[in-house]
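Hi,

Here is the structure I promised to pass on to you. Have a look at it first, and my notes on what turned up follow below.

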Amino acid sequence: FGRPHVHPRFESMTAELLCSMDAISVREQSGVEIVQKLSGRKAVWVPDPTLLVNDGYPEAVLPADQHEDYIFSYTLRSRDLVSHVERQMAAATGLSVVSPMALAASGHGEPGPLEWLGYIKSAKVVITNSYHGTLFSIIFKKPFVFVGLSGAKAGFNERANSLLRGLGLQDRMMDSYDEDRLRAIMQENVDWDRVHQQIEAWRVAATGFLETSISRG
């Protein structure tokens, strides 16, 4: 669903469509409640399909002309808070900030999907307000800061919020500018072994759900 609720205008249509399905899985925990509320059906919270792949994404194209460590900033919809975070992190680390917009403006052209993966995979740190930016930071075990959207756009944080809570990484999210909070995030070492053990268990459960649902068909 991407948001913690369905607009009332679409509730009856959504309920009708849900009731026509043989099995339902959702990418955010709140989606389980939405499905139950609208249709009375049971939904299963499963990981995003990107987490079902467990090969490290070897097809990622690493940046050939980036010879120094850098911060990769991948953001959508709003840069109000992001720009403050970028400046503080650059000042604290001495690293330059690389973003798709900056690459395009410099004449390099915006990275395609495989190049985008490569910029995350090679980054020292990632700043993002994107769900998939967050996912691939976790997949590649990169220290990251999730900069939450605010105001009318805050609902778009739901999938990332759910993911971070589920993996015990909710402390890496900022929804307002706080220098002390950002400094604490930067100094915290993520226990990636623990996180990826949780992902593996989640992956096994999701694979079981898929196999069972498909076999019923």
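Helices (H or I, at least four residues) and strands (E, at least two) are taken as DSSP runs and numbered from the N terminus. On that basis the protein has nine helices and seven strands. Its radius of gyration, taken over C-alpha atoms, is 19 Å, close to the 17 Å from the globule rule (2.2 Å times the number of residues to the power 0.38) for 217 residues, so the protein is as compact as a globular protein of that length. Along the principal axes, the C-alpha atoms fill a box of roughly 55 × 40 × 35 Å.

A word on provenance: this is a predicted model, where local features need pLDDT of at least 70, side-chain atom pairs count only at pLDDT 80 or more, and totals for chains, interfaces and linings use all residues. Residues are numbered from 1 along each chain as its sequence is written, and side-chain values use heavy atoms, with hydrogens and water left out.

Now the helix packing. The axes (lines fitted to C-alpha atoms over the stretch in contact, with angles from 0 to 180 degrees between N-to-C directions) of H1 (residues 11-19) and H2 (residues 29-39) come within 9 Å and cross at roughly 95°. That makes H1 roughly perpendicular to H2 (65 to 115 degrees; under 35 is roughly parallel, over 145 roughly antiparallel, the rest oblique). In contact (heavy atoms within 4.5 Å) are Glu11, Thr14, Ala15, Leu18 and Cys19 of H1 with Val35, Lys37, Leu38 and Ser39 of H2.

H6 (residues 131-139) and H9 (residues 192-216) pack at about 115°, their axes 10 Å apart, and are therefore roughly perpendicular to each other. Ser137, Ile138 and Ile139 of H6 make this contact with Trp192, Val195, His196 and Ile199 of H9.

Finally, the largest pocket has about 160 Å³ of space. A pocket here is an open set of points on a 1 Å grid over the protein atoms alone, where a 1.4 Å probe fits, with protein on both sides within 12 Å along at least five of seven lines; lining residues have an atom within 4 Å of a point. The volume is the space filled by probe spheres set on the points, which are joined across faces, edges and corners. Of its 13 lining residues, Pro143, Arg172, Ile185, Met186 and Glu188 are the closest to the centre.

Best wishes
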